[in-house]
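Grab a pencil and work through these exercises with the model on your screen. Try each task before you read its solution.

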Amino acid sequence: MELEALQQVHSEVKALGVQIVVITPELERYTRALHRKLNLTYDILTDLHLKTAEQFRLVFTLPDYLRELYKSFGSTLDRFNDEPEYRLPMPARYIIAKDSIIRAADVNADYTIRPDPAETLRHLRTLTSASAN
């Protein structure tokens, strides 16, 4: 759902001269299929073994009860992410300027709560209008 929500704002984001790039621990073979299925027009990159998420200190390990719940639904994160420890990144969204400075960040330790693309778009509009002045 989050990827589809980002797709809905992608044309407006692109019109501001900005790029959306999604980083996920999922292996490329899975993200490629998802990219085609959802007809996404932005890039999805793989953060193999959560190396980037570790640098941002965004990694957590699912507790045993959630690990078992995921497995009972047939979801095997270890296969999709090549991550046997059942580690995941916290949902985060960053706006990074061309000068490599993070201009806005939205991170939540609760992985069920995702940043709202409309809020990100509002930040982008504010930042791009401020840089134009």
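**Exercise 1. Which residues form a nonpolar patch on the surface, and where does L45 sit?**

Step 1: Look for V21, I23 and L45, which form a nonpolar surface patch with about 250 Å² of accessible area together. A patch takes residues with over 30% relative accessible area and no salt bridge, joining like charges within 9 Å and nonpolar side chains (Val, Leu, Ile, Met, Phe, Trp, Tyr) within 5 Å. Accessible areas come from the Shrake-Rupley method with a 1.4 Å probe, and for residues only the protein chains shown count as cover.

Step 2: Find L45 in strand β2, residues 43–46. Helices (H or I, at least four residues) and strands (E, at least two) are DSSP runs, numbered from the N terminus.

Step 3: Check the exposure of L45: its relative accessibility is 43%, so L45 is partly exposed. Buried means under 20% relative accessible area, exposed over 50%, and partly exposed is in between (1.4 Å probe, protein chains only).

A quick word on the ground rules: this is a predicted model, where local features need pLDDT of at least 70, side-chain atom pairs count only at pLDDT 80 or more, and totals for chains, interfaces and linings use all residues. Residues are numbered from 1 along each chain as its sequence is written, and side-chain values use heavy atoms, leaving out hydrogens and water.

**Exercise 2. How many helices and strands does the chain have, and what pattern do they follow?**

Step 1: Count the elements, and you get six helices and six strands.

Step 2: Walk along the sequence, and the pattern reads α-β-α-β-α-β-α-α-β-β-β-α.

Step 3: Now box in the C-alpha atoms: along the principal axes they fill roughly 55 × 30 × 20 Å. Of the chain's 133 residues, 31% count as buried.

**Exercise 3. Is I20 buried or exposed, and which residues does I20 touch?**

Step 1: Go to the loop between α1 (2–15) and β1 (21–24), where you'll find I20.

Step 2: I20 has 13% relative accessibility, so I20 counts as buried.

Step 3: Leave out residues up to four places away in sequence, and I20 touches L6, H10, V13, Y42 and D43. A contact means heavy atoms within 4.5 Å.

Step 4: Pick Y42 from that list. I20 and Y42 are 22 residues apart in sequence, yet their C-alpha atoms are 5.9 Å apart in space.

**Exercise 4. How many salt bridges does a search of the whole structure find, and why does the pair of E2 and R93 tie together parts of the chain?**

Step 1: The search turns up eight salt bridges. Each one puts a side-chain nitrogen of Lys or Arg within 4 Å of a carboxyl oxygen of Asp or Glu.

Step 2: Zoom in on E2 and R93, whose closest N and O atoms are 2.7 Å apart in their salt bridge. E2 lies in helix α1 and R93 in strand β5 (residues 92–96), so this pair ties together parts that are 91 residues apart in sequence.

**Exercise 5. What separates E28 and R32 in helix α2?**

Step 1: Their side chains meet in a salt bridge, 3.2 Å from N to O.

Step 2: E28 and R32 are four residues apart in helix α2 (residues 28–38), so about one helical turn separates them.

Step 3: E28 is partly exposed at 49% relative accessibility, and R32 is partly exposed at 42%.
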